[in-house]
Amino acid sequence: MRRIFAFVVLFFLAFVLIFGSSNEGMRLLSQRRYIRQDGWGADKFTFGDLYGLTYIKPFKMPRDTSFVTIPAHQPDSLTYKLNIIGDSYLYSFFSMNPRYFRKTGEVQFVRWSTPKPIPYRLSKDKKNILLVECVERNFRNLMTLQEIRNRIDPQPASKSEAHPGSQFALLARINKGIKTAIYHPTLENNLEFLLFNLGIWAPFKELKSALNFYIFGRLDNDVRVSKNWKQLYLTQTVDPEKVGSSFYPTSDEEVGAYVAQLNEVETYFKSKGFDQVIFSIIPNPVGVLNTENKPTNQILSRIAKHPNWKGILVDPSLRLQKNAKENFFPSDSHWNQRGAAIWLGQLNETLNAL
Amino acid sequence: MVFNSLQFLVFFGIVTSAYFLMAHKYRWLLLLLASCYFYMAFVPMYLGILALTIVIDYFAGILLEQHEGPTKKWILALSIVANVGVLAVFKYYQFIFNNISWFAHLLDIPVQMPVLSILLPIGLSFHTFQAMSYTIEVYRGNQKAERNFGIYSLYVMFYPQLVAGPIERPQNLIHQFYEPKHWDRHRVQSGLLQMVIGIFKKVVIADRLSMVVDEVYGNIGEQSGTNLVVAAIFYSFQIYCDFSGYSDVAIGAARVMGFRLMENFNAPYWATSIPEFWRRWHISLSTWFKDYLYITLGGNRVSVPRWYLNIMIIFVLSGLWHGASWNFVIWGALHGLFQLSGLILNRLFPFLAADQRKTWVGVWAYRLLTFFLVTMAWVFFRIAHFSSIKLWFSRMALMDFSSPLHVSMVSKEFYLCVFLIVGLFALEYKRGMVKERLETFFWLIFPVLILVTYFLGVFNMKQFIYFQF
């Protein structure tokens, strides 16, 4: 009996370890778990990414409450090839589909999180447009020439894995190679997904979370509750000491530096054959929802109004502020599809006007 | 792979179940491979360094057994130099380099030494000392040289105690690898319980206390005296729960498979003197220094000044063992000075000697004094930079103890911290009896402890403090 028990434990855990070390296995499992709606389905992001970090029960709500279908445009003159580098605010169902973009016959979409650079390919018979999209909390670090080149330039600016100055660069690479071979880089997260990202565990997670939140006043470090208790925010977007925050004090000189940063990107890519570069900075939800009763740093409008700014910036802040709470999920760091549709409409107006 | 991770949970389950399914003669191989895998989770390349010291000490052991007289001494010396050399290169090079540079700069002498930008191999001080204890014991004739290279490698690399001890002796551990181990329900339960208690200490107590400690020590300049005192006391218990928690998991994991590792802690804050504290704190290290260095230096069987010098040498080296930084040296030296002060005071005022106290008031007075001294010394252990240590004392000198505690932790959680500390302290008074009771009600206590650990645990994957040594 003991031997049978030991066999069962061994095979189960070995299976868990092997599965957790397999990209393909995890991909398949994620797909299946996120489809299921019962206790065997994944619960972490089903109700919003910030709910998944906190498990605060009042914020457990279906994400599709404000579902709006974004109408696909009919192909018209199709004169653009749109190269997009963007983040998770751009829903995958439209970010790779040219029918959603005015005058666009071809789209190439690269995520900021791409593990490998995906070089842009210029079209010979269409106007080449580069759309650089990023959420406000990340744009300072990401919307730089080097970061963009490292993701889409056929000749990247630098390799992020290089270790300049280290005498042991080769050893470090070998070391990393061995480690990656025997330990999946995200093994701990994968194991957590495998074993605990299941709806059946939700009551335990919610109870622990309630204990921490209502008794100890603690949430996940990355998440804050809005002052009106109706919205979850990423800490980095509301903490005035974090550079990505909408309340981070930003001087005019810094705004000027960001403008120069964006101008540099535009100049570079135009010199490489792009006809137009469009920037779009998505405002942090807290900057739109106005729940904190204090002024934001207005970084987006200050960039747009800066005397040195000559480029195109799609800033959906004003449009999103109308009926703002309908444009965001209370338990997610992203907008909902209504918010995305507003942005897409504004982008299409810009594309139309080019 | 830290003990408070899912990776370890899965790893431990696989290794242990495979261990009991496997024939005894292959078990050492399984444990050796598992230990290699465990160590490679940190920095795989450092397995090479570990292998180097293993090879040197393995052959040194055999040669020591085959030779006598001066040759034998030379072999031991070479083996120790090799081990200490690895420590010197990987742990102390930068420290030595910085101090030589600083001194040369004072004398206006230009010094050029290459900078080594290397990571310290995890647990280096632990397994180096364990390897040295082997050659010393073979030299002394207390241990036969191990001929099976795999078994010797396993002695150095046995995964439960590979990165943070307990620092084992060959007489206690090596023979256990040869003994067949059978499934013993009570032993397995006792081991699992100790593991869960260790995790509880780490994630429920240590990591919770660290929220206050890190906040206060992260900005010393703006803290009141109350905050500094609370953080200092919390740190005393944080480091205890962190390190003893690790030891509990290590000892428990080994016990599940049938191995007996030495206990590393014995209610240290119940000590009524500094010497007693060191008989209860990190026992495997303090006995290592006593057995292999203090006694070799003559111990207390020498002139009084020399005896005092021996004590100071041991404590300063013990400080340096912890880290290549002056704050650790000062921490060790402080403990040495406390001990010497006690010895001198005992000589001058024998009626005040800690050993002579009879009443409970006297006992508690000495206990509190000991805790106060240990806690003061921990300040040097916790704060690496002199400027911050100076700031700590300057803030304390303001005597601002009337301000209420001002930290971001809410009062309910703060009281929970106090409750946990007091509870731990109280339970340790009768730890033998408590352990026995817990084991008796295993099927009730074990799941309850797991649930309590889950609900009250602070799961931030924070590394154990002693991993850095």
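pLDDT is the predictor's confidence in each residue, on a scale from 0 to 100. Helices (DSSP runs of H or I, at least four residues) and strands (runs of E, at least two) are numbered from the N terminus. In chain B of this predicted model, helix H17 (residues 431–440) has the lowest mean pLDDT among the elements, 82, and helix H6 (residues 149–157) of chain B has the highest, 95. Chain B as a whole averages 89, with 96% of its residues at 70 or above. The model has an ipTM of 0.79 and a pTM of 0.84.

Residues are numbered from 1 along each chain as its sequence is written, and chains are lettered from A and ligands numbered from 1 in the order written. Because the model is predicted, local features need pLDDT of at least 70, side-chain atom pairs count only at pLDDT 80 or more, and totals for chains, interfaces and linings use all residues.

Chain A holds an open sheet of 5 strands in the order S2-S1-S3-S6-S7, with parallel pairing (two strands pair if DSSP finds at least two bridges between them). Strands S2 (104–111) and S7 (312–314) of chain A each have a single partner strand, so one side of each lacks a neighbour in the sheet. From one strand to the next, the twist averages 20 degrees; angles run from 0 to 180 degrees between N-to-C directions, with axes fitted to C-alpha atoms, for helices over the stretch in contact.

Within this sheet, S3 (residues 127–135) and S6 (residues 276–282) of chain A run parallel and are joined by 7 bridges. A:Glu133 has A:Ser280 in S6(A) as its bridge partner. Helix H15 (residues 337–353) of chain A packs on the sheet, touching S1, S2, S6 and S7 of chain A (contact puts C-beta atoms, placed from the backbone, within 7 Å), and its direction makes about 160 degrees with that of S7(A).

Technical notes
Contact = placed C-beta atoms within 7 Å.
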